[in-house]
Amino acid sequence: SLNYWWRMINISPTGRLSSEVIIYFYSEIFEALQANEYGAPDPKQLVTEVFDILGCRDERGPTFKDLVTSQQGYVVLSLLTDENGFWMYDNRESLISTP
């Protein structure tokens, strides 16, 4: 399924999730979260978070290989494509402690 979603979000000819691509996809999530009065992080902060989650040290952005080898690709895809997925990730610590 990662391969399917990668083909959907890989809109850059470089084959990388550049900062611009991440911000492009997150912008809709960001607006929806703000409309619901949720304190969504700045798009530039999310870029840093995505790079960290995937263990990407290349300033050009993560590749599909990074998505797979990190074993966190599904998290990143959820952050960029699903408002509820973003909320669940952002609140993961409080959700874990809830019985």
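This is a predicted model: local features need pLDDT of at least 70, side-chain atom pairs count only at pLDDT 80 or more; totals for chains, interfaces and linings use all residues.

Let's start with Asp58 and Arg60, whose side chains form a salt bridge at 2.6 Å, N to O. By salt bridge I mean a side-chain nitrogen of Lys or Arg within 4 Å of a carboxyl oxygen of Asp or Glu. Residues are numbered from 1 along each chain as its sequence is written, and side-chain values use heavy atoms, with hydrogens and water left out.

Okay, back to the charges. How many salt bridges does this rule give? The count is 2. The other pair is Asp58 with Arg16, at 3.3 Å, N to O. Asp58 sits in the loop between H3 and H4 and Arg16 in the loop between H1 and H2, so this pair ties together parts that are 42 residues apart in sequence.

Are these residues buried or exposed? For the cut-offs, buried is under 20% relative accessible area, exposed is over 50%, and partly exposed is in between, with a 1.4 Å probe and protein chains only. Arg16 is buried at 14%, Asp58 is partly exposed at 23%, and Arg60 is exposed at 52%. Through shared partners, the salt bridges join Arg16, Asp58 and Arg60 into one network.

**The overall fold**

Zooming out, the protein has 7 helices and 0 strands. Both are DSSP runs numbered from the N terminus: H or I of at least four residues for helices, E of at least two for strands. The radius of gyration is 13 Å, close to the 13 Å from the globule rule for 99 residues, so the protein is as compact as a globular protein of that length. That radius is taken over C-alpha atoms, and the rule is 2.2 Å times the number of residues to the power 0.38. Along the principal axes, the C-alpha trace spans about 40 × 30 × 25 Å. Buried residues account for 38% of the 99.

**Helices and a patch**

Over on helix H1 we find Met8, which is partly exposed at 45%. Together with Tyr4 and Trp5, Met8 makes a nonpolar surface patch of about 320 Å². Patch members need over 30% relative accessible area and no salt bridge; like charges are joined within 9 Å, and nonpolar side chains (Val, Leu, Ile, Met, Phe, Trp, Tyr) within 5 Å. The areas are Shrake-Rupley with a 1.4 Å probe, and for residues only the protein chains shown count as cover.

**Loops to look at**

Most residues other than glycine have a negative phi. Glu37, in the loop between H2 and helix H3 (43–54), has a positive phi near 60 degrees. Gln71, in the loop between helix H4 (64–69) and helix H5 (73–81), also has a positive phi near 60 degrees. Glu37 is exposed at 76%, and Gln71 is exposed at 63%.

That's my tour; over to you.
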